[in-house]
Amino acid sequence: MGPEKMDSTENRSTIRDISLAPQGERKIDWVANHMPVLNALRAEFEKEQPFAGKRAVICLHLEAKTAYLARTIRAGGAEVAVAASNPLSTQDDVVAALVQRGIEAHAWHGATDAEYRRHIQQALDFEPDYIIDDGGDLVTTIHRERRELLTRVKGGAEETTTGILRLRAMDRDGELGFPMIAVNDAECKYLFDNRYGTGQSVWDGIMRTTNLVVAGKTVVVAGYGWCGKGVALRAKGLGARIIVCEVNAIKANEAWMDGFEVMPMLEAAQVGDVFITVTGNRDIIRAQHFEVMKSGAILCNAGHFDVEVNRVELAALASSQRVVRPNIEEFVFSDGRKVYLLAEGRLVNLAAGDGHPAEVMDMTFALQALSLRYLAEHGAELGQHVYRVPEEIDQTVANLRLSSLGLRIDALTPEQKAYLAAWHE
Ligand SMILES: NC(=O)c1ccc[n+]([C@@H]2O[C@H](COP(=O)([O-])OP(=O)(O)OC[C@H]3O[C@@H](n4cnc5c(N)ncnc54)[C@H](O)[C@@H]3O)[C@@H](O)[C@H]2O)c1
């Protein structure tokens, strides 16, 4: 069935097929059962209604965990609309389930660039008080094309490293029109989501897409930030030999001390079997690298934008290209070598998988929900800048997660507190 326009007032949505809702509902139920922190917040929000009378637009990967976040925000009294942060990570059944429960949605899987941008505009027509962004598409669109919303939007929260880089650049230039909270920079985010979430889900995406063995292969990880560390760590557990490519000497030392080979991409390109870019930068793998790769090399990206593997140069070098399995494109060079690109070079864990595990996103989305509540309560005191997630929110999420696991920890004694605070003993 083709994309259809829902007519009812409640559902002025642009989605693929509302009849997929029952399947989406089951997916959301499954993750909700594994998101105890968000469940606890949802119960609080239902009582306290922190977002009563407010509107929120959420632009995240539209899969089941995000859907449960959207419902949690709605349980707190907000009207909610969603758009996708990546056209390939949208799950049409989950979006249908959201619409059926009264959340406006503008997204479908495989949207073209023009459709994707139109969906964001349609979501912004909702005139949000608060936004949740992932990679900065909402913020950028508001500041470039929808400036009338600058007085309406009271603040927002940004999910990922790449989005925060952009926000800090806007803040530095005095261009940011409302406060944004940098959720990615909370400890309960990057230590778990970027590291363990990306670590597990990238391999899930690669393995389910290729159905090939990892053990014994040479895996090249470009970028040894929080995500890269997780991807390399899990590759080690799967029995791969790992090479790390970096531009930061400290991170390169860290990778070496973690037991990995370190070398420039031009050398790694000659020996790698599987390449994973996760830098947040562009052109990490480009023509000069494709030219020296072994036949059969598999390329994929886990960084936010699809610019890390230069697909334009890859296509230009190839004498032919075709899709050989869902989410696998084969590029054949004139000398007969073949390389394979997964998920068009978009986030492999989301475009060719279901994203991070539910328990990991439980912490991330708890940070999002609490950051939005913080904005509802304290937004008026903030300036038009990027803010860190308040320390108490990080601690709240960590404590809720521990108690959901049935874990207890020690507390400082008064003597220990005094000892740590003293300088003269
Ligand atoms: N796939 C996912 O689900 C997911 C989850 C979280 C973040 N992200 C995205 O992944 C990317 C990385 O995030 P992070 O939190 O690890 O960032 P980070 O800043 O911690 O790490 C990025 C690393 O890449 C390195 N780098 C930059 N340019 C490079 C180059 N040319 N060659 C080699 N290394 C280079 C940097 O030195 C840095 O160490 C971002 O785009 C982020 O938004 C993706």
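Which helices each supply at least two residues of the shell around the ligand? They are helix H7 (161-172), H8 and helix H9 (226-237).

## Model and numbering

This is a predicted model, in which local features need pLDDT of at least 70 and side-chain atom pairs count only at pLDDT 80 or more, while totals for chains, interfaces and linings use all residues. Residues are numbered from 1 along each chain as its sequence is written. Helices (H or I, at least four residues) and strands (E, at least two) are DSSP runs, numbered from the N terminus.

## Two domains

The chain is assigned domain 1 (4-189 + 356-404) and domain 2 (196-351); such bounds come from an automatic or database domain assignment. Their C-alpha centres lie 29 Å apart. The contact between them takes 12 residues from domain 1 and 13 residues from domain 2, where two residues are in contact if their C-beta atoms, placed from the backbone, lie within 7 Å.

On the side of domain 1 that touches domain 2, H7 gives the most, with 3 residues. By class, that side has 4 nonpolar, 8 polar and no charged residues. Here Ala, Val, Leu, Ile, Met, Phe, Trp, Tyr, Cys and Pro count as nonpolar, Asp, Glu, Lys and Arg as charged, and the others, Gly among them, as polar.

## The shell around the ligand

Both domain 1 and domain 2 give residues to the shell around the ligand, so it lies between them. Of the 28 residues around the ligand, Gly 223, Gly 225, Cys 227, Gly 280 and His 304 come nearest; a residue is near a molecule if its C-beta atom, placed from the backbone, lies within 6 Å of it. The shell has 11 nonpolar, 15 polar and 2 charged residues.

## Positions listed by UniProt

An unreviewed UniProt entry lists Asp 134, Glu 159, Lys 189 and Asp 193 under "binding site". These four are spread over 60 residues of sequence, yet they cluster in space, with a largest C-alpha distance of 13.6 Å. UniProt positions are given in the numbering used here, feature names are shortened, and annotations may be inferred rather than shown by experiment.

Asp 134 is in the loop between strand E6 (130-133) and helix H6 (137-145). It counts as buried, with 25 C-beta neighbours inside 10 Å. A residue is buried if 20 or more other C-beta atoms lie within 10 Å of its own, exposed if 12 or fewer, and partly exposed in between, with C-beta atoms placed from the backbone. Not counting residues up to four places away in sequence, Asp 134 touches Cys 59, His 61 and Glu 159, among others. Lys 189, in helix H8 (residues 187-210), is also buried, with 28 other C-beta atoms within 10 Å.

## The sheet of 8 strands

An open sheet of 8 strands has mixed pairing and the order E11-E10-E9-E12-E13-E16-E15-E14. Strand E11 (261-262) and strand E14 (320-325) stand at the edges, each with a single partner strand, so one side of each is left without a neighbour in the sheet. Two strands pair if DSSP finds at least two bridges between them.

Within this sheet, 5 of the 5 residues of strand E13 (residues 297-301) are buried, so the strand is largely enclosed by the rest of the structure. Strand E12 (residues 274-277) runs parallel to E13 and is joined to it by 4 bridges, with Thr 277 opposite Asn 301. E13 also pairs in the parallel sense with strand E16 (residues 338-342), over 3 bridges. By contrast, strand E15 (residues 328-332) and E16 run antiparallel, joined by 5 bridges.
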